[in-house]
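Here is a short briefing to read with the model open beside you. Take a look at the structure, then follow the points below by topic.

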There are 2 protein chains.
Amino acid sequence: MTQDRISYASSFATRLPPAKAREEATKKYNFGTGHNDPEAIPVDDFIAAATNVLRRDGKKLAVYSLGGSALGYQPLREVVADKLKRHRGVDTSIDNVLITSGSLQGMDLVNSLLLDHGDVVIIEQFSYVSAFSKLKWLGVDALAAPLDEGGIDMDGLAAQLEQLKSQGRKAKYIYTIPTIQNPTGSILSLERRHRLIELSRQYDVPIFEDECYADLIWAGNAPPALYALAPDRVIHIGSFSKTLAPALRLGYVVAPWEALGQMIAFKSDGGTGALDQMLAAEFLREHFDSHVEKLTKLLKGKLDLLVEAIDREFGTVANVQVPLGGLYAWVRFPDSIDARRLAQEAAKVGVAINPGPDWATVPEEGTHSIRLCFGLVTEQQINEGIALLAQVSHDTFGVPVRSGNRANTGNA
Amino acid sequence: MTQDRISYASSFATRLPPAKAREEATKKYNFGTGHNDPEAIPVDDFIAAATNVLRRDGKKLAVYSLGGSALGYQPLREVVADKLKRHRGVDTSIDNVLITSGSLQGMDLVNSLLLDHGDVVIIEQFSYVSAFSKLKWLGVDALAAPLDEGGIDMDGLAAQLEQLKSQGRKAKYIYTIPTIQNPTGSILSLERRHRLIELSRQYDVPIFEDECYADLIWAGNAPPALYALAPDRVIHIGSFSKTLAPALRLGYVVAPWEALGQMIAFKSDGGTGALDQMLAAEFLREHFDSHVEKLTKLLKGKLDLLVEAIDREFGTVANVQVPLGGLYAWVRFPDSIDARRLAQEAAKVGVAINPGPDWATVPEEGTHSIRLCFGLVTEQQINEGIALLAQVSHDTFGVPVRSGNRANTGNA
């Protein structure tokens, strides 16, 4: 007796986010979500890692947290501490690393630690859509810190903090993605990092640092993580979704025990999925650097192709902020193009894109921008999809004007 | 630079549960948590399942939710629907099954769906410690429905509902573990199930049914799940923690789409860990019945040994409610034994037990009871641990009086 209706809807909580619709079919040209490249999944190595780790630790599955710490599987915390030390300048103990079910859970934990209904936080002008939706559900106001091509404009942030102070308010945190910003792909300079920490101290506002994409940098290492510079001021989160595989739900929070001990009191999930942790640890402790090198090379190749395709199809109509790493390109259009309408029309021909307003703290500021993810799409899909998008844009808004060189589409 | 202190503690939220202490060493005789038997983990079969499923679906790990539904990995939802049909009388579509990160997340989702700060719910007189702690953090009052050896006493529940009504209040749900109650191990009769649903309709209070232990029944099947009898009135959760492995964080919510579509709007975790889901589905679709049969036989053997040991060591001092399945025995002592103090003293000699007040809606009603988990302990640990516990009880409270037959301890 499959049943669609309930008789207890009147008992629902008073504040709920909008219900989800049943899922639609996936789009053929999917530039819409932070998926990764299926060809970058090392299936044979995963099978070897699963076999080894199950042989060694499989019986421990009978015990919560594999009989170990509530912070997570120790070998995976060791992988995190090691890569943070070698690549992000963070010298920390595994006792300061908490494994989470993706960085989305990390975000929930930080929010639960710091936020009350009615609080205010500062978020980069353009940022992660789920950060916004979580805050909205919590009843927390988000103010925008202005961004330029180098990340947060520190004078703008200072003005924001000062204005709040003059109103007798204080932000509960400054949320930033300093290293491969989402969606703009920028890297915050060391100078700005120091200035940010100064502002954090001056106004007594902690920093919530999200480094989900920091492993995927095209050339060399970025400046150290903010956490490396001021562990007493910063809560750091990261993820293996982008580096390894998004369906494995693995992220981490790095913070002193004074914060972590409080977080695990409400991380009441009985631990993070053990097998995801075991496989990731077993694979990454041997292959982290070589895997990341291969993956970034693959992604950089797709980005180059994407930028070429946008240039070919849109010409001067599109202004691409070329990212320094990661999975996304942020594209600005002239005022004549409305991103939401473009996304709706594109969906009809099988092209999924992210309209800028969803990625903007003040939605209107994203009206003429879109985010394109190049992780999942193949080279052919990039060429065909961007050509289709330009055609839809032309048909809907009259730009780009179609020129002779369009005939090359798909042959690049 | 490992750092223990933070400078932003003044920014913490106003309502937080007590911070966790750093972990203590595990106790040798661990009757304290719902762990399972390491010998029951079929490591070779797990390796075969992991190999097969990674070979088939491994590349899908590059895509959130393996490219499928936000409800979870389809083969695992099929396993749930199939076993609910064959064993619990529930005829449901996989579209009504949401895979969660353990039933603890299922509990969070149900709470988020139905509860506001200041609400009241009804919970069985003795119940799951995490249900209490979650409600406390949410600021929700829990009233006790009286239990007897057959589960909820329906006249007592009716009185509770009537009293609330006379106060102009209405409970937001009745939380029940009808099939192998935790901690008492009872099974609610079909007659009582029908009465419970009648009361739910009469007082317009939905039922929150937790069937975490329903797969582990000693003899034959129990009456159908409450959800089978009234899908419009009941939200059903279950788990693979007990049936398969607690470190795999896998549970499920079964409900009509009207409730699930709302829940996945705030299940903002990017999905449940994929590899845990893939392994469980691949293994269980072939081995569910044979695995459960083996496991229940193993657990029943340990329970029999535990009951013998308690009888031998405590005699008439201990009143064991022998469970009809599951992992726990609920033991009542005379008024002279204080369960919290017994747990503290027992911990000093390496014996972990659960003091009754933690498992009681009104803590005082559990003052003289304890919960013993027999999942993890070996036969030898059962005999030695219960002998130690009796010795501690004797030394602390003067009961049980030690008699000649104690010399047999450990040789059973």
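How are α9(A) and α9(B) oriented to each other? They are roughly perpendicular to each other, a label used for angles of 65 to 115 degrees, while under 35 degrees counts as roughly parallel, over 145 as roughly antiparallel and the rest as oblique. Please keep in mind that this is a predicted model, in which local features need pLDDT of at least 70 and side-chain atom pairs count only at pLDDT 80 or more, while totals for chains, interfaces and linings use all residues. Residues are numbered from 1 along each chain as its sequence is written, and chains are lettered from A and ligands numbered from 1 in the order in which they are written. Helices (H or I, at least four residues) and strands (E, at least two) are DSSP runs, numbered from the N terminus.

**Where the two α9 helices meet**

- Helix α9 (residues 274-314) of chain A packs against helix α9 (residues 274-314) of chain B at an angle of about 110°, and their axes are 6 Å apart. Axes here are lines fitted to C-alpha atoms, for helices over the stretch in contact, and angles run from 0 to 180 degrees between N-to-C directions.
- The crossing of α9(A) past α9(B) is right-handed, the term for a near helix turned clockwise from the far one by less than a right angle, with left-handed for anticlockwise.
- On the α9(A) side, the contact uses A:Ala274, A:Leu275, A:Asp276 and A:Leu279, and on the α9(B) side it uses B:Ala274, B:Leu275, B:Asp276 and B:Leu279. Contact means that the C-beta atoms of two residues, placed from the backbone, lie within 7 Å.
- Sorted by class, this helix contact has six nonpolar, no polar and two charged residues. Ala, Val, Leu, Ile, Met, Phe, Trp, Tyr, Cys and Pro count as nonpolar, Asp, Glu, Lys and Arg as charged, and the others, Gly among them, as polar.

**The interface between the chains**

- In total, 93 residues of chain A are in contact with 93 residues of chain B.
- On the chain A side, α1 (43-57), α3 (102-114), α4 (129-138), α8 (257-266) and α9 each supply at least two residues.
- The largest share of that side, eight residues, comes from α8(A).
- By class, the side of chain A that touches chain B has 45 nonpolar, 30 polar and 18 charged residues.

**The sheet in chain A**

- Seven strands of chain A form an open sheet with mixed pairing, in the order β2-β10-β9-β8-β7-β3-β4. Two strands pair if DSSP finds at least two bridges between them.
- β2 (97-100) and β4 (141-145) of chain A stand at the edges with a single partner strand each, so one side of each has no neighbour in the sheet.
- From one strand to the next, the twist averages 20°.
- Within chain A, strand β9 (residues 234-239) and strand β10 (residues 251-254) pair in the antiparallel sense over four bridges, and A:Ile237 stands opposite A:Val253 in β10(A).

**Strand β10 in chain B**

- Strand β2 (residues 97-100) of chain B runs antiparallel to β10(B) and is joined to it by four bridges, with B:Ile99 opposite B:Tyr252.
- Strand β9 (residues 234-239) of chain B is also antiparallel to β10(B), through four bridges, and B:His236 stands opposite B:Val254.
- In a regular strand, side chains alternate between the two faces of the sheet.
- Both faces of strand β10 (residues 251-254) of chain B are covered, with B:Gly251 and B:Val253 buried on one side and B:Tyr252 and B:Val254 buried on the other. A residue is buried if 20 or more other C-beta atoms lie within 10 Å of its own, exposed if 12 or fewer, and partly exposed in between, with C-beta atoms placed from the backbone.

**Backbone details to look up**

- Most residues other than glycine have a negative phi, and most peptide bonds are trans.
- A:Ser65 has a positive phi near 50° and is buried, with 23 other C-beta atoms within 10 Å.
- B:Asp204 also has a positive phi, about 55°, and is partly exposed, with 15 other C-beta atoms within 10 Å.
- The peptide bond from B:Asn182 to B:Pro183 is cis, with omega near 15°.
- Another cis peptide bond joins B:Val399 and B:Pro400, with omega about -5°.
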